[in-house]
Amino acid sequence: MITFKRVSIALSVAALLAGCSSGVKLDENSAANSGANTSGAASGVAGVDLTGSQIDADGGPKGVGRVVYFDFDSFVVKSDAQGLVDANARFIKADASRKVTVEGHTDDRGGREYNLALGQKRAEAVRRSLTLLGVSDSQVEAVSFGEEKPAAAGGNEAAYSQNRRAEISYR
């Protein structure tokens, strides 16, 4: 029964990911979304020891990216971030005492309330992806900073794309 349930969940996640598009509106429901790891950090999918000595100073896995990037006005986690999300999920699951906060961010276009809501949806999308991969709900908290903590200054697409993100922060 458990095996069937896991297979069923995995197939549901795969179907959802296959049907996702980058043009999701803020008010549409979205489960198991994915963002790009454009930071240049390794995804941690192969060859990284996620259980032992490969822990960096802030308590997270060494060599594994922690930033999921989003398209404009979207909270869809893109397929190219699945390796990043999966590697973090495996690391979190390896120790039940590990806790993370997923911080949702936006660029500065849009009103404050709208951006806080969009940032929360981005954080929740990454949180859902982690829990679908087996991470306990009690290990993950999703919060939004909206446009309040930009990663890059500027009013151009290069800066906007760096600010549309969710960050996995180990505590």
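Tutor: Contact means heavy atoms within 4.5 Å. Keep that cut-off in mind for this predicted model.

Student: What makes Val126 a residue that touches Val68?

Tutor: Heavy atoms of the two must lie within 4.5 Å, because that is what contact means. Leaving out residues up to four places away in sequence, Val126 touches Val68, Phe70, Val77, Val102, Ala166 and Ile168.

Student: Which residues touch the most other members of the largest nonpolar core?

Tutor: They are Val68, Val77, Val102, Val126, Leu130 and Ile168, in a core of 21 residues. Two or more residues each come from helix H2 (82–93), strand E2 (100–105), helix H3 (112–132), strand E3 (140–146) and strand E4 (165–170). H2 gives the most, with five residues.

Student: Why is Asn115 called buried?

Tutor: Buried means under 20% relative accessible area. Asn115 has 1% relative accessibility, so Asn115 counts as buried.

Student: Where is Asn115, and what does Asn115 touch?

Tutor: Asn115 is placed in helix H3. Not counting residues up to four places away in sequence, Asn115 touches Thr106, Asp107, Asp108, Arg109, Gly110, Ser144, Gly146 and Glu147.

Student: How many residues does the protein chain have, and what share of them is buried?

Tutor: The protein chain has 171 residues, and 40% of them count as buried.

Student: What is the order of the elements in the protein chain?

Tutor: Starting at the N terminus, the order is α-β-α-β-α-β-α-β. That pattern holds four helices and four strands.

Methods. Residues numbered from 1 in each chain as written. Predicted model: local features only at pLDDT ≥ 70, side-chain atom pairs only at ≥ 80, totals over all residues. Heavy atoms only, no water. Buried < 20%, exposed > 50% of the residue type's maximum accessible area, 1.4 Å probe, protein only. Core = buried A, V, L, I, M, F, W, Y, C linked by side-chain atoms within 4.5 Å.
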